[in-house]
Protein chains: 2
Amino acid sequence: MDYLPVDLAQKLSQFAEPWAPKVIARLNDYEIKVVRLDGEFVWHTHDDTDELFLVLHGRLTIKLADGEVTLRAGQLFVVPRGVQHCPVADGEVQAVLIEPRGVVNTGSAGGPRTAGYDDSLA
Amino acid sequence: MDYLPVDLAQKLSQFAEPWAPKVIARLNDYEIKVVRLDGEFVWHTHDDTDELFLVLHGRLTIKLADGEVTLRAGQLFVVPRGVQHCPVADGEVQAVLIEPRGVVNTGSAGGPRTAGYDDSLA
């Protein structure tokens, strides 16, 4: 039988809302998510895990406790566990996130921008 | 201070040999690798882990025990643990691999195409 690949652009085409990561695949106990980002998020920390950002479209700055990194399409960065960070999208950004199952977008900060778990595209 | 992103194309520009994955980043106990593929590899299995392929350039078919999947740029596939597979690149393919630290490219098959561990680009 033929299996279907997971097409990143096709998954991103299925939703418009920013800051709402969607699980699209699983790798052992990790989840691969796509997300749209627009504007500034909130400062937060993931105490128990690193978090990988891979930009597919647009320009994303991740402010860190002691500096920042700017990512364009085809560039990735791993925020180390325990490092406070704040993603800032310069216009609309499309990105892949990879992290262990169950990680919440606002980490230990919580608050109104915490996204619900969504694996409807997986 | 400004941190530098990991640029996938820049990492791939630093080597030419196919079937020699290079670690470019780490995510907890996982490794992010880039690899060039060209032609047919060998059938092998990773008994203890899933393996993620994300194609950046070219066309990659992964033959599986009971079928196959074909990936183009921007498409990914996770080969489940224990599933025998054989990557076949139709011309040159550039791809990202993600798997736990220490996974060997030929899995339990071994043999002459087993690549040495290379994190010189990390």
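A residue counts as partly exposed when the number of other C-beta atoms within 10 Å of its own falls between the buried mark of 20 or more and the exposed mark of 12 or fewer. Keep that in mind for the first stop, and remember along the way that this is a predicted model.

**Stop 1**

Select Asn28(A). You'll find it in the loop between strand E2 (22-27) and E3 of chain A. Is it buried or partly exposed? It has 19 other C-beta atoms within 10 Å, so Asn28(A) is partly exposed. Now check its backbone: phi of Asn28(A) is near 55 degrees, a positive value in a residue other than glycine. For background, most residues other than glycine have a negative phi.

Hop over to Asn28(B), in the loop between E2 and strand E3 (30-40) of chain B. Its phi is near 55 degrees too, again positive in a residue that isn't glycine. Asn28(B) has 19 C-beta neighbours inside 10 Å and so counts as partly exposed.

**Stop 2: the strands around E8(A)**

Next, select strand E8 (residues 85-100) of chain A and strand E3 (residues 30-40) of chain A; eleven bridges pair them in the antiparallel sense. To find your place, click Ile32(A), which stands opposite Ile98(A) in E8(A).

Then bring in strand E5 (residues 60-64) of chain A. Five bridges join E5 to E8(A), and the two run antiparallel. Ile62(A) has Pro87(A) as its bridge partner in E8(A).

**Stop 3: across to the other chain**

Stay with chain A, but pick strand E1 (residues 6-7). This strand is joined to E7(B) by two bridges, in an antiparallel run. Zoom in on Val6(A): its bridge partner in E7(B) is Leu76(B).

Now widen the view to the whole contact, which takes 30 residues from chain B and 30 residues from chain A. Which elements of chain B give two or more residues to the side that touches chain A? They are strand E1 (6-7), helix H1 (8-12), strand E2 (22-27), strand E6 (67-71) and strand E7 (75-79). E6(B) gives the largest share, five residues. Colour that side of chain B by class and you get 18 nonpolar, six polar and six charged residues.

**Stop 4: one chain laid on the other**

The same surface serves both copies, as 100% of the contact residues of chain B recur in chain A.

**Stop 5: the nonpolar core**

The largest nonpolar core has 58 residues; select Phe53(A), Ala95(A), Phe53(B) and Ala95(B), the ones that touch the most other members. Leaving out residues up to four places away in sequence, Phe53(B) touches Leu60(B), Ile62(B), Leu71(B), Leu76(B), Phe77(B), Ala95(B) and Leu97(B). In soluble globular proteins, nonpolar side chains tend to be buried together.

**Last stop: Ala115(B)**

Finish in the segment after strand E8 (85-100) of chain B, where Ala115(B) is found. It has 16 C-beta neighbours inside 10 Å, so Ala115(B) counts as partly exposed. Neighbours within four places in sequence aside, Ala115(B) is in contact with Trp19(B), Ala20(B), Pro21(B) and Asn105(B). As a parting exercise, draw a line between the C-alpha atoms of Ala115(B) and Asp48(B): they are separated by 19 Å, with the residues 67 apart along the chain.

Terms used:
Residues numbered from 1 in each chain as written. Chains lettered and ligands numbered in written order. Predicted model: local features only at pLDDT ≥ 70, side-chain atom pairs only at ≥ 80, totals over all residues. Core = buried A, V, L, I, M, F, W, Y, C linked by C-beta atoms within 7 Å. Contact = placed C-beta atoms within 7 Å. Helix = DSSP H or I, 4+ residues; strand = E, 2+ residues; numbered from the N terminus. Nonpolar A, V, L, I, M, F, W, Y, C, P; charged D, E, K, R; others polar. Pairing = 2+ DSSP bridges.
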